[in-house]
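Please examine the sequence and the three-dimensional structure shown below. The explanation after them is intended for a reader who meets this structure for the first time.

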Amino acid sequence: MTITRAMFRESGNTVCDGYLLKRLAVGGVLWLERNKDRVNQLNVFPVPDGDTGTNMLLTMRGAWSQIANVEEQHVGKLARVFADGALRNARGNSGVILSQIWAGAAKALEGHETLTAPLLAQACIAAVEMAYRAVEKPVEGTILTVAREIKDAVLTRAEHEKDLVAMLKTMLYAGRTSLRRTPEKLPLLKKAGVVDSGGQGLVFIFEGMLRALCGKDVSAPVTPIVVNTPAAAVIQEGEAWEDALVPEDDEGYGYDVQFLMYGENMNIDKVREDIQAMGWSTLVVGDSNLIKVHVHVHNPGIPLNYAIESGADIDDIVVENMHRQYQQYVQARAEREGGSSPGSVMGAPVEGVAVITVASGKGIQRIFTEEMGAAYVITGGQTMNPSTGDFLSAIDALPNTEIILLPNNKNVVLSAKHAAEQAPGGKQIRVVASTTIPQGIAAMFEYQNSISGDPPASLDETVKSMMEMLSHMVTAEITRATRDVEIDDLKVKQGQFIGLINDVLAVAGDDITEVARELLHKADADRHERITIYYGDTSTERDARNLAEALAEEYDALDFEIVFGGQPLYPYMIAIE
Amino acid sequence: MAQKIRVICDSTCDIPSDLLSKHHIRVVPCFVNYDGNSFADDGVQLKREEYYRQLPHIRPVPKTSAFPPGLVEPVVEEALKEADHVVILSVPAKLSGVYNAFRLGSSNFPQEKITLIDSGQVAMGLGWQVIIAAETAEATGDVAAVKDAVQRVRNNQRLYAALDTLEYLRHSGRVGWASASLGSLLQIKPILDVREGEVKSHSRVRTFKRAFEELVKLAHEQAPLDRLAVMHADNAKGAQELKDALKDIAPSDTLIVNITPTIGTHIGPGGLGFASVSKSWRN
C-alpha cells in the first residue's frame, strides 16, 4: 500500500514511504533545474565555465533517471537506487559531494521501509559524514558547511518534532541561513560578492522538495543543456552521445508536453496510469487538487484532450518540439566544441600503464593522443565536466589494468578520484590531479619518459614523476568576464578580457595583448625558460604569432612556441615553464 | 715480462691535450665537411668556440667523416717504433667508419702487436677508456690487463647528454630513431643515453632546467665516481653549473670538456652532458 498525501496528512506528517520520497526527489530535481542558471552564475571568478548548477543538475538527473520508472515503496531500497544513480553520474566538485550526501543518506535508510523524523536525523548524520569524506581537505563556507548546519538543525529539532513537513522546513531554513553566512567563512566568496554555488544548489533541492510536498509548482522549462534532455535518454557505456540521443520511437522525438490540472478529488494514480499509456518519459506529480503532468508524446492533443475531458481546468501549458530541440542541441554542442567531433577520442592502444585524460579542442586532443600517447581523451573540461561514470566507462573501454586519470581541471579532480575508488577490481587506477591543460601536457612528458624506460617504470613511479611535474610550471589563461566583479583591487567589467594564473583571477583589461603581458609579468615569466601559447578556436595562428612577437620584445631570453589548441572560450592558454 | 704499450684513438675522444701528452696517447683526427671543404678535427683547423658559433648558420648542415686508412698507418708505425704493442680504441663501428679505417690502416702491421677495440662509446665515454687503458699499460705492461681494464670500465661507465634540440641528430642520419622521428607538435629537449654503441633516447623534456635536474639525478645514480667529465657543446656556463651541482660526488680531477666538432655537429650547440666511471670498475 502506498502512502498518499492524504494518508501522510492523516499520520500527522510523521511517516513517509518510497512513493512520497520519490515525489520529493522529483521536486528537488525540477526546482534545481528551474534555478540552475542562478547557481551557475555564482562563480567566484567571472569565467565562462561556471557550471556548478549544471553539474549538480546532471548528478540529480542521473539519480532521478534510475528511479523514474520504479514503483518502490521501500524507502531504503529506493534511496539505494537513487544514490547509485547519483554516484555514477556525479560530475564537478559539487556534484560529487552531492552524490556522497545521497550515498550517506541511503546507507542510513538501508533496511527501513518508511522514513520518520528520527531516521531522517540518522540519514543527515551519515550524509554529512560521507560528504566530508568526499574531499581530502574539506573547506568551510561551501556546500559541506551548508549540509552540516542543516544536519545540526535537524538533530536539535528531531528531539521533540515528529512532523516531517516541519523537519523539511527546518532543513530549508537552516540551509538558507547557512548559505547566507558562507561569505563570512570563505573570504574568496566575500571578495566576489557571492554565496557558495554548491550550497545554493543544495538549498534549491530542499526548497523543491518542500514545494513538491506542499503542492507548489516546481515546473521548469526544458533546458537544452543536458545530454539526456531531448529524449530523456541515459547515455550507455561506450555509446556516443549522438547515438544515445536517437529517438526512442520510430516516429521520431515527438513533443514534450507539460501542464497543470486544477480540480477537486482528482485521482492522481489513475491520471498517472492514463498518461503513462499515452507516451513516454512520464512525470505526474501532485495531489487531489493539483496535478503536474509531464509527458513525451507524438500528438500533444491527446494528453491535453484527456485533461480537459476529465473536467479539470488546465493551465501553464508548455508544448515543445523535441526534434527541433535536438537539432539545436547538436548545433550548439558542435559549436561549443570548436567544430571538433564530440564525444571521446581513443588514442593508439598502449601496453602497460595507460592514461585517460580530459580535454576540449581538436589541437589539444591531438597533442594528448598523437603526441603524448594518451589512450583515451574524454571530451570536456572547462565547459563540460565529465562525470564519475564517464571515467568509469573510459576505464572499462581500455584493456589496460593499470590506468592513470589526468583530469586537467580542478572541477574534474573529484570525479576522477571517485572513479578511481569505484573502478572494478583487478584494475589499478591512480589520479594525477592536474588542474590545467598545460599541467596535463607537462605531466604527459613524464609519463612518456616513464613508460619508455628500460625497464618501464612501475605505475606508482610513473605517478610520482608525473605529480612532481605539476608544480614545475605556471598556467596562465585568458578568457572574457561573464559578469562585473570586484576582487581585491581588481575591477572587472562584463565582457572584458580577464587573465588567470593557476586558476586565480589576476588581470583584467580591454586589450588582450596587454592582459597577456601583465599575466607574464605577474607569473614571473623572466624566471622561466619557455612560453607555450595554445591558441583557441576563436584565435588564429596569426593572432597568436603577433601576440608571441609582442611578448618576446620584453622577454627575449625566453623561448616562445605557438601551438594550435582549438579550445573553446579561452582564446589563449599559456604554459610558463 | 712487462711490455711497452702505446694507446691510439680517434679525435672524438675529447681528451685534453695535457693528458694526451702525459700518457703518450696518439690521436687520429676525424673530418668535418662543409662549404665544399674538409677540415681535420685536430683543434688547429677547427677551433671549437668559433665552429659552434657558426654551426647554426651553416647550411646545408655539416657532415663528418672518418679519416682514411692511410692516415692511420704512419701513426701506428710511429707508435710501434717506441713500443712493443699498440692498443687502438675506436668510436663505435655502429656509428662511424672510424673502426674500419683503424682496422684497414693497421692491417699491414704484425697483428700480434695490435689490439683494436670498439669502445662502444663516444666523447669522454671513449676518453675514459683510453686514459684508463694508458694508465693500466704504464702500471702493468700487460696487454691482457689493459683489455680487462677497458672491459671493466665499459661495464661501469655512463654517458648522458641533454640536447637543446633534436634537429642536428635528426640531420646526422646516424641514429635511426632520431632520423625517423617526425617533426613534433611541441618542441622537446632529448636526453641521450649512449651505451654499447647505441644512442638511445633516455627521456624527453621541455626545458633546460628539467634536463639539468635529470642529468644531476642520473649522475648521482652512478656515485661513488672514480672519473667524471662534464661535456658541453659551447655551453661553458651550463657545464660549470653542472659541475657545481655534482660537487658532492665529483672526483677532484673532474674535467670540463667543450666537445669536439665531430660530435658537436651531430648534437648541435647548447648540448650538455657527462661521462662517468663508477668506482666499481676497480673491483
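The following paragraphs treat the interface between the chains, then selected helices, and finally the salt bridges.

The model is predicted. Its two chains discussed here meet at an interface in which 16 residues of chain B are in contact with 20 residues of chain A. The size of an interface is often given as the accessible area lost when the parts come together. By that account, chain A and chain B bury about 1,700 Å² between them, and 45% of this area lies on carbon and sulfur atoms. On the side of chain B, the residues that lose the most area to chain A are Leu185(B), Leu186(B) and Arg206(B), which together make up 42% of what that side buries.

Polar and charged groups also take part in the interface. There are 13 residue pairs in polar contact across the interface of chain B and chain A, both residues of a pair being at pLDDT 80 or more. Two elements of chain B, strand 10 (198-205) and helix 9 (208-222), each supply at least two residues of the side that touches chain A. Sorted by class, that side of chain B has seven charged, five nonpolar and four polar residues. Three salt bridges are counted between the two chains.

Attention may now turn to helices of chain A. Helix 20 (residues 459-470) has 12 residues; at 1.5 Å a residue these should span 16 Å, and its end C-alpha atoms are 17 Å apart, which agrees. Its buried residues are Leu459(A), Thr462(A), Val463(A), Ser465(A), Met466(A), Met469(A) and Leu470(A). The cover over these buried residues includes strand 6 (353-359), strand 8 (402-406), strand 9 (428-431) and helix 19 (437-451) of chain A, together with helix 9 of chain B.

In helix 18 (residues 413-422) of chain A, the buried residues are Val413(A), Leu414(A), Ser415(A), Ala416(A), His418(A) and Ala419(A). Among the elements that cover them are helix 6 (92-109), helix 7 (117-134), helix 17 (388-397), strand 8 and strand 9 of chain A.

Thr369(A) is found in helix 16 (residues 362-371) of chain A. Thr369(A) counts as buried because its relative accessible area is 12%, under the 20% limit. Leaving aside residues up to four places away in sequence, Thr369(A) touches Val345(A), Met346(A), Gly347(A), Ala374(A) and Val377(A).

Within helix 20 of chain A, Glu468(A) and Lys464(A) lie four residues apart, about one turn of the helix, and their side chains meet in a salt bridge of 3.4 Å from N to O. Glu468(A) is partly exposed at 43% relative accessible area, whereas Lys464(A) counts as exposed at 53%. Helix 13 (residues 268-278) of chain A holds Lys270(A) and Asp274(A), also four residues apart. The closest N and O atoms of this salt bridge are 2.8 Å apart, and Lys270(A) is partly exposed at 44% relative accessibility.

In chain B, the side chains of Asp193(B) and Arg195(B) form a salt bridge of 2.9 Å from N to O. Asp193(B) is buried at 8% relative accessibility, while Arg195(B) is partly exposed at 33%. Elsewhere, salt bridges that share partners join Arg530(A), Asp559(A), Glu561(A), Glu577(A) and Arg206(B) into one network.

Conventions: Residues are numbered from 1 along each chain as its sequence is written. Chains are lettered from A and ligands numbered from 1 in the order in which they are written. This is a predicted model: local features need pLDDT of at least 70, side-chain atom pairs count only at pLDDT 80 or more; totals for chains, interfaces and linings use all residues. Side-chain values use heavy atoms; hydrogens and water are left out. Contact means heavy atoms within 4.5 Å. Buried area is the accessible area (1.4 Å probe) that two parts lose on being put together, summed over both. A salt bridge is a side-chain nitrogen of Lys or Arg within 4 Å of a carboxyl oxygen of Asp or Glu. A polar contact is a pair of N or O atoms within 3.5 Å; within protein, one must be able to donate a hydrogen and the other to accept it, and residues adjacent in sequence count only if both atoms are side-chain atoms. Ala, Val, Leu, Ile, Met, Phe, Trp, Tyr, Cys and Pro count as nonpolar, Asp, Glu, Lys and Arg as charged, and the others, Gly among them, as polar. Buried means under 20% relative accessible area, exposed over 50%, partly exposed in between (1.4 Å probe, protein chains only). The expected span of a helix is 1.5 Å times one less than its number of residues.
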